[in-house]
Amino acid sequence: MATRAKEFPQCAFRQTLDVLEGKWKFAIIDSLLQHEVLRFKELERDVAGITARMLVKELKLLEAHGIIRRQPYATVPPTVEYSLTDCGRSLHPVIEAIRTWGEQNKAVLRAA
């Protein structure tokens with residue numbers, strides 16, 4: 001199945017939606033913006049409601065798109081830390097705009 005980015009290679013908006021679509025990606029990015037570096041379990045606790053399986057899936061996709069960096073360490077048990085790349089950190093104004101919009105429209109969103 002083709003992604004929107006492949007169907008519309010000249011449309012930056014559709015390419016961005018293809019990378020950031022879904023319920024969890026913005027929450028993961030927001031968590032990493034707030035904490036800078038998190039281990040898997042810390043990230044799982046910080047993103048309320050996400051399952052370990054879904055977190056693994058979303059982290060792999062975000063890493064593949066260059067949004068996050070995965071840093072494994074050769075320890076027992078294995079340790080992995082996640083952080084945002086420069087590209088991921090550039091999403092900070094977008095996350096803040098979404099947060100501001102949500103604050104400004106709380107009453108409307110609750111009524112829906």
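Reader: How far apart are the mean positions of the positive and negative charges of the protein?
Author: They are 5 Å apart. The protein has 17 positive and 14 negative charges. Keep in mind that this is a predicted model.

Reader: OK. How many helices and strands are there in the protein?
Author: There are 8 helices and 3 strands.

Reader: And in what order do the elements run from the N terminus on?
Author: The order is α-α-α-β-α-α-β-β-α-α-α.

Reader: What box do the C-alpha atoms fill?
Author: Roughly 50 × 35 × 25 Å, taken along the principal axes.

Reader: What share of the residues is buried?
Author: Buried residues make up 29% of the 112 residues. As for the surface, the protein exposes about 7,800 Å². Carbon and sulfur atoms supply 58% of that area.

Reader: Let's go to α3. Which residues of α3 are buried?
Author: Lys25, Ile28, Ile29, Asp30, Ser31 and Leu32.

Reader: How far is Lys25 from Leu59, C-alpha to C-alpha?
Author: Their C-alpha atoms are separated by 8.3 Å. Along the chain, Lys25 and Leu59 are 34 residues apart.

Reader: At what angle do α3 and α5 pack?
Author: About 75°, with their axes 10 Å apart. Helix α5 covers residues 52-64. The angle falls within 65 to 115 degrees, so α3 is roughly perpendicular to α5.

Reader: Which residues make that contact?
Author: From α3, Lys25, Ile28 and Ile29. From α5, Leu55, Glu58, Leu59, Leu61 and Leu62. Lys25, Ile28 and Ile29 are also among the buried residues of α3.

Reader: What comes just after α3?
Author: Glu36, with a positive phi of about 70°. Glu36 lies in the loop between α3 (25-35) and β1 (37-39).

Reader: Is Glu36 buried or exposed?
Author: Exposed, because its relative accessible area is 59% and exposed means over 50%.

Reader: Which residue takes a positive phi just after α2?
Author: Gly22, at about 110°.

Reader: New topic. Where is the cis peptide bond?
Author: It joins Val76 and Pro77, with omega about -5°. Pro77 is found in the loop between β2 (68-73) and β3 (79-84). Most peptide bonds are trans.

Reader: And β2 itself? Where does Arg69 lie?
Author: Arg69 lies in strand β2. It counts as partly exposed, at 38% relative accessibility.

Reader: What does Arg69 touch?
Author: Not counting residues up to four places away in sequence, Arg69 touches Glu81, Tyr82, Ser83, Leu84 and Thr85. Take Glu81. It is 12 residues from Arg69 in sequence.

Reader: Last one. What share of contacts joins residues at least 24 apart?
Author: 43%, among contacts between residues at least 6 apart in sequence.

Terms used. Residues are numbered from 1 along each chain as its sequence is written. This is a predicted model: local features need pLDDT of at least 70, side-chain atom pairs count only at pLDDT 80 or more; totals for chains, interfaces and linings use all residues. Side-chain values use heavy atoms; hydrogens and water are left out. Helices (H or I, at least four residues) and strands (E, at least two) are DSSP runs, numbered from the N terminus. Buried means under 20% relative accessible area, exposed over 50%, partly exposed in between (1.4 Å probe, protein chains only). Contact means heavy atoms within 4.5 Å. Accessible areas come from the Shrake-Rupley method with a 1.4 Å probe; for residues, only the protein chains shown count as cover. Lys and Arg count as positive and Asp and Glu as negative; His and the chain ends are not counted. The place of a charge is taken as NZ of Lys, CZ of Arg, CG of Asp or CD of Glu. Axes are lines fitted to C-alpha atoms, for helices over the stretch in contact, and angles run from 0 to 180 degrees between N-to-C directions. Angles under 35 degrees count as roughly parallel, over 145 as roughly antiparallel, 65 to 115 as roughly perpendicular and the rest as oblique.
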